[in-house]
Amino acid sequence: MISISGLTKRYRDVLAVDGVTLEVPAGSVCGLLGRNGAGKTTTFKCLLGFARPDAGEVRFDGAPLTPQTFEHLGYVPERPELYSWLTVAQHLEIVRRSQPKYDEAFAKELLATFRLDGRKKAGKLSKGQQTALALIIAIATRPSILILDEPASGLDPVMQRVVLDLLIDAATSGATILLSSHQIGQIDRAADRVAIMRDGAIVVSGGLDDLREAARIVEATFDTAIPDVAAIDGVTRVETAGTTVRVHANGRAPAVAARLGALGATGVRVLDRSLEDLFLDAVDDGGNR
Amino acid sequence: MEYVEILRARRVLFWYGLVLLVQVLITAATVFFGHPSVHRGNSTAHFSSIVVAALFGGAIVATFVGAGLNAESGRTAIVWTRPKARDAIAWRYIAVDVVTILIGYALMLVTVVAVTAIIGILDQFTYDVAQSARFLALGVGAALMWYALISLVAARLPGRGGLIAGLSWAAFIVIIAVREAPFPLPLHALIYALNYIDPLAYIGATGTDQPLLPLAQPVRIAMVYAIAIVALAGSVRLWSTREA
Amino acid sequence: MPPAFFSVDPHGGAPLYAQLTEQIKRAIAVGALSAGERLPTVKGLAHELKLNPNTVARVYRDLERDGIIDTAPGRGSFVRENGAVGETRRAATDVATRAVDDAVREARSLGVTGSEIRTIADASIARWYPEEQK
């Protein structure tokens with residue numbers, strides 16, 4: 001379990017992380033979404049102790065971060081930080097020597113999956129292969145907590161699938177995962193929870209299904225004048241275009257739809273919102289995307 | 001984690017050793033093909049001057065490994081995610097570096113002795129075991145102090161380690177070179193004070209041990225080690241509390 | 001029952017758990033999954049569909065709550081044996097009800113009247129259930 005409460009990090013006059021509170025229950029996969037510069041990477045740095053937060057607290061399985069936490073915590077950075085002059089095998093040797101829980105057979109299997117040659121120097125690997133190596137370094141110990149900062153960047157679609165596979169495998173074996181990604185489809189599949197960051201703060205968070213359920217929109221068309229739909233229980237936002245209204249139903253879409261029908265709407269439709277829609281809504285800064 | 005530093009040290013020592021070997025071979029070839037460039041006179045050079053001059057071997061190696069810990073600032077994701085305290089990781093790196101510097105020092109000493117032997121002037125030195133031992137202690141200490149100061153300055157400047165190590169040569173040579181220059185008093189005092197953190201200033205100019213600092217040799221030996229230890233402790237502290 | 005029988009599409013609009021629930025009900029309705037048959041494990045299906053295991057687990061929980069499947073700890077999940085015919089029918093009517101409902105709602109927004117829809121439905125039934133016309 002990862003518990004973050006009131007995490008705040010200020011760089012001079014920039015509030016990079018603004019009171020972030022987030023809980024990822026054990027065995028859950030939480031996707032952290034946000035535009036570049038929203039504060040995702042800084043949040044990760046604070047989680048891992050690379051940066052000292054100005055306020056707030058982070059706990060892993062109830063305990064604060066210590067060096068021992070890294071026995072069961074794996075981290076994949078936004079950009080792979082490898083030794084260009086060391087071979088792939090030497091990178092794994094670093095892990096073998098420093099991690100009591102290093103799983104050599106699993107690491108070998110991962111090398112084969114990503115088609116990485118152990119004798120090759122990291123500096124000679126393609127961008128995608130470097131990402132893959134950074135991923136292998138992080139998961140070769142089969143960590144129970146995984147923090148991944150855009151784990152599939154630079155990978156081709158086939159390799160992205162492999163990464164998704166590994167994440168789901170890790171999740172299936174009960175790992176707690178917090179990952180950021182710009183690939184919303186990947187988050188949609190892998191995650192069961194989502195948090196969306198904007199300007200350092202979390203603006204939306206919760207179970208993915210609940211969020212989608214809550215975000216459903218009811219669209220109704222009236223022949224006559226549009227009645228006062230804002231008064232309907234559950235309606236949070238109303239947009240009108242001609243004789244058509246779109247109402248945000250806040251998780252009560254079927255009830256609101258029925259009520260609109262009873263009010264004499266000629267056409268009523270319930271629209272599902274994709275995670276992408278939710279994301280764009282949350283980071284929308286007033287038509288100035 | 002010091003595994004990386006062992007690999008790095010091995011690489012430094014390989015190239016360094018190769019250059020020294022080439023030096024010995026060139027000397028041997030010069031003598032073999034008959035260019036007696038050294039005139040045999042009655043020299044009174046002390047062997048201890050060779051011992052202390054090998055400091056430069058230690059300093060060369062220190063220049064290359066001194067930035068090792070600094071280079072790890074770009075590998076935070078690997079180095080700081082090991083289940084070990086950061087201080088402990090740093091000290092292990094330093095232990096590897098110190099051993100590497102000692103090896104570098106020894107290799108330089110062996111090379112200089114080999115070169116002088118090939119030229120045929122080894123018998124012209126006067127030998128004093130106790131004096132040589134004291135100079136060895138001073139030379140090694142100065143090399144370690146050199147290394148420690150590079151580490152300290154580079155600790156909070158990620159990516160600048162190599163530059164700082166290179167500039168250390170210019171800085172340390174300039175500091176002792178301009179110490180007697182007729183600068184205005186405040187500047188002169190500053191330069192004079194800087195001599196106390198210049199490892200070269202602790203070395204006697206020649207084997208006759210004319211110190212650049214008005215301190216007795218045992219005091220200077222104690223000071224180079226003390227400065228080295230304090231600077232290393234400081235660099236470990238700065239490095240492990242850095243923000244990535 | 002090959003797990004590859006199911007597939008979910010993150011861009012398909014409906015939440016993934018809803019897509020999967022619908023598909024399992026449909027599989028039971030058309031007989032691709034028969035009574036007493038064992039469903040893929042949560043882990044297996046999550047892996048196969050590249051879908052979060054908690055999402056799959058939620059689908060199974062919902063199906064169990066609706067009496068469509070039974071889950072025996074340690075043995076897996078099965079299409080309900082007891083009253084299987086009734087449940088299968090219910091799964092089928094569930095799917096059909098939603099499809100008809102969507103069609104009617106759509107027709108209404110297009111301005112088609114109730115009696116017109118009834119005519120359309122009768123024609124459609126006549127086409128698909130010729131045996132009931134005799």
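Student: What pattern does chain B follow when read along the sequence?

Tutor: In this predicted model, chain B reads α-α-α-α-α-α-α-α-α-α. Helices (H or I, at least four residues) and strands (E, at least two) are DSSP runs, numbered from the N terminus; by that count chain B has ten helices and zero strands.

Student: What makes chain B as compact as a globular protein of that length?

Tutor: The radius of gyration is taken over C-alpha atoms, and the globule rule is 2.2 Å times the number of residues to the power 0.38. For 244 residues the rule gives 18 Å, and chain B has 20 Å, which is close, so chain B is as compact as a globular protein of that length. Its C-alpha trace spans about 60 × 45 × 30 Å along the principal axes.

Student: How are residues and chains labelled, and which pLDDT limits apply?

Tutor: Residues are numbered from 1 along each chain as its sequence is written, while chains are lettered from A and ligands numbered from 1 in the order in which they are written. Local features need pLDDT of at least 70 and side-chain atom pairs count only at pLDDT 80 or more, whereas totals for chains, interfaces and linings use all residues.

Student: Why are β5 and β9 of chain A called edge strands?

Tutor: Two strands pair if DSSP finds at least two bridges between them. The open sheet of six strands runs in the order β5-β6-β7-β3-β8-β9 (chain A), with mixed pairing. In it, β5 (73-76) and β9 (201-207) of chain A each pair on one side only. From one strand to the next, the twist averages 15°.

Student: How do you know that β8 and β9 of chain A pair?

Tutor: Six bridges join β8(A) (residues 193-198) to β9(A), against the required at least two. The two strands run antiparallel. R198(A), for instance, has A201(A) in β9(A) as its bridge partner.

Student: Which strands does helix α1 of chain A lie across?

Tutor: Helix α1 (residues 40-47) of chain A lies across β3 (29-34), β6 (145-149), β7 (176-180) and β8 of chain A, at about 145° to β6(A). Axes are lines fitted to C-alpha atoms, for helices over the stretch in contact, and angles run from 0 to 180 degrees between N-to-C directions.

Student: What makes A91(C) count as buried?

Tutor: A residue is buried if 20 or more other C-beta atoms lie within 10 Å of its own, exposed if 12 or fewer, and partly exposed in between, with C-beta atoms placed from the backbone. A91(C) has 26 such neighbours, so it counts as buried. A91(C) sits in helix α4 (residues 84-109) of chain C.

Student: Which residues does A91(C) touch, leaving out those up to four places away in sequence?

Tutor: They are K25(C), I28(C), A29(C) and I68(C). Contact requires C-beta atoms, placed from the backbone, within 7 Å. The 7.5 Å between A91(C) and I68(C) is a separation of C-alpha atoms.

Student: How many residues are in contact between chains A and C?

Tutor: Chain A has 24 residues in contact with 20 residues of chain C. With six residues, α5(A) gives the most to the side of chain A that touches chain C.

Technical notes
Contact = placed C-beta atoms within 7 Å.
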